[in-house]
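Work through the exercises below with the sequence and the 3D structure at hand. Each task is followed by a solution in steps.

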Amino acid sequence: MAIRQLPETLINQIAAGEVIERPASAAKELIENALDAGATRIEIATSGGGKALLRVSDNGSGMNAADLELAVRRHCTSKISETLEDIRTLGFRGEALPSIGSVARLSIASRRRDSAGGHEIAVAGGKIAHLRPAAANPGTIVEVRDLFFATPARLKFLKTERAEAGAITEIVKRMAIAFPAVRFVLSGSDRTTLEFPATGDDHLARMAQVLGKEFRDNAIALDAVREEIALTGFAGVPTFNRGNSAHQYAFVNGRPVQDKLILSAIRGAYAETIPSGRHPVAVLSITLDPALVDVNVHPAKSDVRFRDPGLVRGLIVGAIREALARDGSRAATTGASDMLRSFRPGFQPNSQRPQTAWSAETSPSRPYQPTTGFGERPQASFDGLSMPTARDEPQFSPQPAAPEPHARYPLGAARAQIHANYIVAQTEDGLVIVDQHAAHERLVFEAMRKALHSKRLASQVLLIPEIIDIPEEDCDRLMQHAAELSELGLAIERFGPGAIAVRETPAMLGEVDAHGLIRQLADEIAEWDTASGLSAKLEYVAATMACHGSVRSGRRLRPEEMNALLREMEVTPGSGQCNHGRPTYIELKLSDIERLFGRS
């Protein structure tokens with residue numbers, strides 16, 4: 001079969017299959033062009049989920065007649081010259097506009113600020129119309145109609161109008177977070193208007209616009225640098241989590257990306273702090289030399305490749321964990337809101353009350369009930385304490401009692417124990433309710449984890465070393481991390497070509513499937529250049545042991561025990577959530593309590 005040159009229109013349609021996958025892809029490319037043109041106001045209008053109409057208007061630098069004629073031709077761009085090693089713009093391939101024009105009806109009207117008038121050019125199914133003068137404000141208006149009319153097969157694979165409109169909304173949100181100084185307006189007949197006013201340099205204010213005002217109250221600032229790679233942004237406290245990963249945003253040199261390495265690093269940073277099936281909320285911005293990252297991996301430019309992926313992953317994990325240790329122990333503010341919603345004013349008749357009383361033994365969310373605890377004798381109840389009274393008279397001494405010093409602590413002073421499981425503490429401006437089992441479980445786990453990392457772990461010597469056959473390159477990778485694995489109780493050595501001998505395994509793990517463990521570690525090192533999987537297994541065992549060794553639900557505590565628990569929580573990183581990611585305490589401000597009684 002003879003080889004022949006494909007027609008230009010067909011070439012553009014093939015390219016469009018990679019660049020323009022759906023209406024949201026076209027919106028992304030057009031918004032990026034507007035931002036590269038220096039726009040401070042971008043308006044997006046859609047109809048039919050972007051399939052019938054997609055219009056992007058900006059107040060950027062605009063184009064003259066010569067620029068317009070070149071803009072609709074492939075590989076024509078003003079953003080790079082001869083090299084791909086110093087890309088500082090969002091777009092650079094020169095493929096978006098001709099790709100859109102090959103599968104849709106495209107029109108572009110533009111005017112430069114120093115020009116007396118504007119011009120317009122149109123492309124329909126790859127056919128370029130003649131340039132003509134047009135009335136236009138400074139800036140550019142790009143209108144895309146009947147997307148994929150020229151490629152009906154692609155049109156059949158699009159989702160519903162609602163789903164496509166939602167995808168465009170997500171693109172606009174990501175762009176809005178990346179560029180807080182730009183005003184974005186998203187409108188159309190298929191949606192309610194969404195507007196993000198410019199916030200200047202206040203990135204957190206823009207994030208609050210997109211992610212909700214609760215994110216501002218539950219975000220921890222990130223600011224870390226490692227070998228000229230800078231990481232900034234905000235990470236949500238562990239108890240402020242979501243049911244999917246859609247609230248995780250990553251940017252590389254200002255470019256929104258959806259990179260597997262970054263998402264994996266976020267998961268690793270929040271390990272053991274968020275329950276299974278829940279996802280953290282985070283906004284990360286990575287800044288580095290453009291020569292150290294390849295943004296030309298895919299025509300859509302949503303994937304990137306780092307020259308040193310291990311360094312980037314380590315920076316993300318380390319920065320988030322340091323931030324959580326510093327400020328992540330506080331409970332999410334959403335807990336108080338959920339509590340307020342659960343309150344109902346007034347007295348409920350018996351017919352509306354639950355038929356069975358609550359108990360720690362029958363609660364579906366009860367923790368593990370170990371047969372042994374710490375061995376303390378059952379503690380006395382509060383029966384020996386004097387009951388509260390409303391009379392204004394001294395009860396213990398003729399002199400008024402001094403304010404309890406514990407009330408000045410963040411978690412306040414213990415006042416009562418409810419249902420032998422919940423500690424109620426009074427703070428300076430409200431009250432705190434603590435789940436005693438969950439809180440002490442976290443304290444025990446953190447103490448055990450600290451011990452894990454402070455010295456070499458105990459190991460058990462195998463009577464007969466296990467010989468594991470794996471590829472030679474995996475053997476080399478494992479031996480590079482042999483010292484690190486030895487600190488965790490796993491002693492390995494080379495056993496000829498293509499084999500590893502396991503001589504010792506961590507005692508905490510008990511009976512170990514050495515073959516499976518070694519192969520898992522080899523795969524992990526090959527992908528991420530780290531052997532954190534073994535450490536994660538050990539921490540999982542420590543978490544289980546902590547759960548069985550903590551204060552049980554149903555155990556009555558003396559006031560001094562409760563206060564000691566509160567004080568230890570205040571100085572322990574991550575004490576705001578248990579090992580399973582559930583909150584250990586909820587704080588209710590006095591203003592919230594007054595609102596319940598209609599006093600505010």
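**Exercise 1: a salt bridge within a helix**

The side chains of Glu 446 and Arg 442 form a salt bridge, with 2.9 Å from N to O. The model is a predicted one, in which local features need pLDDT of at least 70 and side-chain atom pairs count only at pLDDT 80 or more, while totals for chains, interfaces and linings use all residues. Residues are numbered from 1 along each chain as its sequence is written, and side-chain values use heavy atoms, with hydrogens and water left out.

Task: State where Glu 446 and Arg 442 lie in helix α12, and whether Glu 446 is buried or exposed.

Step 1. A salt bridge requires a side-chain nitrogen of Lys or Arg within 4 Å of a carboxyl oxygen of Asp or Glu; the pair has 2.9 Å.

Step 2. Both residues belong to helix α12 (residues 436–454) and are 4 residues apart, so about one helical turn separates them. Helices are DSSP runs of H or I with at least four residues, strands are runs of E with at least two, and both are numbered from the N terminus.

Step 3. Buried means under 20% relative accessible area, exposed over 50%, and partly exposed in between (1.4 Å probe, protein chains only). Glu 446 is buried at 13%, and Arg 442 is buried at 1%.

**Exercise 2: a salt bridge across the chain**

Task: Find which parts of the chain are linked by Asp 429 and Lys 589.

Step 1. The closest N and O atoms of this salt bridge are 3.2 Å apart.

Step 2. Asp 429 sits in the loop between β20 (422–427) and β21 (430–435), and Lys 589 in strand β25 (residues 585–589), 160 residues apart.

Step 3. Asp 429 is partly exposed at 38%, as is Lys 589 at 32%.
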